[in-house]
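Morning, everyone. Please bring up the structure on your screens. I'll talk through the strands, then a pair of helices.

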Amino acid sequence: MATYLTNDKLVIVGAAGMIGSNMVQTALTMRMTPNICLYDVYAPGLEGVAEEMFHCGFEGANITWTTDVKEAFTDAKYIISSGGAPRKAGMTREDLLKGNCEIARGLGEDIKAYCPDVKHVVIIFNPADLTGLVTLLFSGLKPSQVTTLAALDSTRLQSALAKKFGVLQSSIAGCRTFGGHGEQMAVFGSKVKIGNRTLSDIVGTPEFSNEEWEEMKKAVTKGGAKIIELRGRSSFQSPSYCAVEMIRSVMGGEPFRWPAGTYCNDAKYNHIMMAMDTTMDERGCTYVCPEGTPEEMASLDASYEHLCKMRDELVTLDIVPPISEWSKVNPNL
């Protein structure tokens, strides 16, 4: 009989889609939990994914599927949601703001109604910083219990550097992007090491000019758009894998290797969800403020300001109340 990390119920929201179906298979392949519920509003696609999982023959797996949110969420201990509209060619993540944040509000309300004892929720539909924030607000959960996918920006930086220097990705350490998961993200390169060399010692030399480094950073911020250009659809394999790794870490599995989007409420960055220097484990998610050069910190400040503008737009759209009223909606904030 296969052994699993836990027997707790994991719900995949948006399971009929490409991201959702990949998450189901990845979670079962990683032997995280045998009890996985697939939830989506599109019944034929949902049943098709369930059948595919049955045909994989995962040992000991208890795979269920439903279009009823109460049935799906009841007794859920972990949730990953990709249940928003995907980004299409020519769109930015911000273009999805209103519609997907309305979906996030409903998701939060459903969590509060049907599984208030859930241990952790990962949000991966864009714009993730804002959909995660809205979900947290209306779920009533603690900030440590809701995170958003931000890892892909860091993995894209690592990938770009690996291709540039002709080395394995695993030989490059310290790749980090912080702030918003969008084109205004802050790319931190000051702590990157390529083998035994520091990136800071290489940038500005004939081997890697300042101009080339600036172009690489811009390309990293547009990595998702590049996938749409190449494949004709938004990313699904990389967000699926990284999101499942996030849940695995809070289940007690291997530590999550990359930054996560988390709720920040400190003296400098407050009432916002954004990627920070995070730790994810069975306690949930904790963070410290990143350390970087003055230029990197200024970039992080600019990313924060951009996120605040979108957050304030949600107030104007009447999706969230004014910040002064957030504690009435969620006493944990």
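Start with β10, residues 193-194. This strand pairs with β11 in the antiparallel sense, over 2 bridges. Look at Lys193: it stands opposite Thr198 in β11. Keep in mind that this is a predicted model.

β10 and β11 belong to an open sheet of 3 strands. The order is β7-β10-β11, and the pairing is antiparallel. Which strands stand at the edges? They are β7 (172-173) and β11 (197-198). Each has a single partner strand, so one side of each is left without a neighbour in the sheet.

Strands of a sheet pair through backbone hydrogen bonds, either parallel or antiparallel.

Next, another open sheet, with 8 strands. Read the order as β3-β2-β1-β4-β5-β6-β12-β13. Here the pairing is mixed. The edge strands are β3 (62-66) and β13 (270-275), and each pairs on one side only. From one strand to the next, the twist averages 25 degrees. Take β12, residues 260-265: 5 bridges join it to β13, and the two run antiparallel. Tyr263 stands opposite Met273 in β13.

Last, the helices. α4 covers residues 97-114, and α5 covers residues 128-139. They pack at an angle of about 30 degrees, with their axes 7 Å apart. Why call them roughly parallel? Angles under 35 degrees count as roughly parallel, and therefore α4 and α5 qualify. Their crossing is right-handed. Who meets whom? In α4, the residues include Leu97, Ala104 and Ile111; in α5, they include Leu130, Val134 and Phe138. The contact residues divide into 8 nonpolar, 5 polar and 3 charged.

Terms used. Residues numbered from 1 in each chain as written. Predicted model: local features only at pLDDT ≥ 70, side-chain atom pairs only at ≥ 80, totals over all residues. Heavy atoms only, no water. Axes fitted to C-alpha atoms, helices over the stretch in contact; angles between N-to-C directions. Helix = DSSP H or I, 4+ residues; strand = E, 2+ residues; numbered from the N terminus. Parallel < 35°, antiparallel > 145°, perpendicular 65-115°, else oblique. Left-handed = near helix turned anticlockwise from the far one by under 90°. Contact = heavy atoms within 4.5 Å. Nonpolar A, V, L, I, M, F, W, Y, C, P; charged D, E, K, R; others polar. Pairing = 2+ DSSP bridges.
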